[in-house]
Amino acid sequence: MEPIRVLHNIVLMDAGGIETLVMNLYRHIDKEQILFDFLVHRPQEGYYEKEIREYGGKVYRTRPFNPLHMREYKKECMNILTSHPEYKVFHVHQELGLWTLDYAHQAGIPTRIAHAHNAKTVVNLKYFFFLYEKMFIKKHCTDMFMCSKPAGEWLFGKQAVQDGKVKYINNSIETDRFKYNEQTRRDMREKLGVGDKIVIGHVGRFAQPKNHTFILDVFNEIHRMNKNTVLVLCGEGKLEDDIKAKTKALGLENDVIFTGVMDTSVLYQALDLFLFPSLWEGLPLTGIEAQTSGLPIVMSDVIADETVVTDNVTRLSLSNSADVWAKTCLDVLGAYERKDCQKQVTDAGFDVCNTAKLLQDFYIDRTLRARHAQKNL
């Protein structure tokens, strides 16, 4: 019997948090029963597309969402959705997902999932489209998922979350990959060339919510207090050049390492502290990964409460100065002893095997129901 095919909708399958979550799930889904295909809206190939194809998945492309070219965007999406009646489940992860959910509704796809991953969005020209989306998204989705309560409330409203209409789906990880390993730590620190320095780290796309400007301000204060420190920034994004320019302006170019996109499971081992002053998040995978690796974390108190699953987390308000953040980081470092936290994270429900099984059962149930209903027409 052919596997069930589920169509996921994401802007581009690059190495971001949402994309990594979906790939974590794909790796642990029974691919004899289910395959993931992807509807994306960028011309370039994403970081994960090679792996997707290796599993037997397909990637369909349309032009980017653009309010000035909605007719063309709709036509391209509808062509894909209507020419593939095999899809009974359409799982939307992207912001501005209202439109593709509407098109999937028109195309007759019976299960249409809106998945809330963010607790806020960037205020730009598309912001009013987000506000419009929040008004009408429940009309076109059959199911609502959230990674955290703030994310669910942001997209679907407090009442929907309070009434239990939004299903909680953990942002899960492969905990085995991230558990602390002393040999990996030594190897990675040698590769980075950090010697015996204290390594402050951050993993995240260079984008406004991650607050890299403040990360540099905090590290500048840390480095002023203790010269035996280095900052490692992992990721890429449109603000990367701006952050590199600020690094140079602060005279820190020899004390900040930009790694680009890399295997974070080994990078966490080399760090001594994870600095996480995000302006907003849904439920960040990086926070769960860092905790699994046994890292102490100093993070902003706007990040969802559900992110805190171990006792290695210290939360601070963004109203505090960079100096206060820096002193807190050094205090935490002075009092913390690295330990294995994998069991705590797994017991909290963040191991991907559990979430993959939950979604697998959901996808199979909905697909079989739809096929049964189709036969009885």
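This is a predicted model: local features need pLDDT of at least 70, side-chain atom pairs count only at pLDDT 80 or more; totals for chains, interfaces and linings use all residues.
Cys 341 takes part in none, and the nearest cysteine sulfur, that of Cys 329, is 18 Å away. Cys 341 is buried, with a relative accessible area of 0%.

Is Cys 353 buried or partly exposed? Its relative accessible area is 43%, so Cys 353 counts as partly exposed.

In general, strands of a sheet pair through backbone hydrogen bonds.

Strand 4 and strand 5 run parallel, joined by four bridges. Val 92 stands opposite Ala 114, a residue of strand 5.

## Helix 1

Helix 1 covers residues 17–28, which is 12 residues. At 1.5 Å a residue it should span 16 Å. Its end C-alpha atoms are 17 Å apart, which agrees.

Which residues of helix 1 are buried? They are Glu 19, Thr 20, Leu 21, Val 22, Met 23, Asn 24, Leu 25 and Tyr 26. Their cover includes strand 1 (4–9), strand 2 (34–40), helix 2 (49–54), helix 13 (285–292) and helix 16 (352–375). Take Glu 19 as an example. Glu 19 has a relative accessible area of 9%, so it counts as buried. Beyond its neighbours up to four places away in sequence, Glu 19 touches Ile 10, Leu 12, Met 13, Asp 14, Tyr 48 and Arg 205.

## Helix 16

Helix 16 has 24 residues and should span 34 Å at 1.5 Å a residue. Its end C-alpha atoms are 34 Å apart, in agreement. Asp 351 caps its N-terminal end. There, a side-chain oxygen of Asp 351 lies 3.1 Å from the backbone nitrogen of Cys 353.

The buried residues of helix 16 include Val 352, Leu 359, Phe 362, Tyr 363, Ile 364 and Arg 366. What covers the buried residues includes strand 1, helix 1, strand 2, strand 4 (89–92), strand 5 (111–116) and strand 6.

Asp 143 sits in strand 6 (residues 143–146). Its relative accessibility is 11%, under the 20% cut-off, so Asp 143 counts as buried. Which side chain makes a polar contact with that of Asp 143? The side chain of Arg 366 does, at 2.7 Å.

Arg 366 is among the buried residues of helix 16. Leaving aside neighbours within four places in sequence, Asp 143 is in contact with Thr 111, Arg 112, Ile 113, Ala 114, Phe 362 and Arg 366.

## Helix 4

Helix 4 spans residues 98–106. Seven of its nine residues are buried, so the rest of the structure largely encloses it. The buried ones are Leu 98, Trp 99, Thr 100, Leu 101, Asp 102, Tyr 103 and Ala 104. Just after helix 4, Gly 108 takes a positive phi of about 85°.

Another open sheet has six strands, in the order 10-9-8-11-12-13. Its pairing is parallel. The edge strands are strand 10 (256–260) and strand 13 (313–316), and each pairs on one side only. The twist averages 25° from one strand to the next. Four bridges join strand 12 (residues 297–300) to strand 13. Ser 300 has Leu 316 of strand 13 as its bridge partner.

Helices lie across these strands too. Helix 14 (residues 322–335) lies across strand 8 (198–203), strand 11 (273–276), strand 12 and strand 13. Helix 14 runs at about 150° to strand 12.

Terms used
Residues are numbered from 1 along each chain as its sequence is written. Side-chain values use heavy atoms; hydrogens and water are left out. Two strands pair if DSSP finds at least two bridges between them. Helices (H or I, at least four residues) and strands (E, at least two) are DSSP runs, numbered from the N terminus. Axes are lines fitted to C-alpha atoms, for helices over the stretch in contact, and angles run from 0 to 180 degrees between N-to-C directions. Contact means heavy atoms within 4.5 Å. Buried means under 20% relative accessible area, exposed over 50%, partly exposed in between (1.4 Å probe, protein chains only). A polar contact is a pair of N or O atoms within 3.5 Å; within protein, one must be able to donate a hydrogen and the other to accept it, and residues adjacent in sequence count only if both atoms are side-chain atoms. A disulfide is a pair of cysteine sulfur atoms within 2.5 Å. The expected span of a helix is 1.5 Å times one less than its number of residues.
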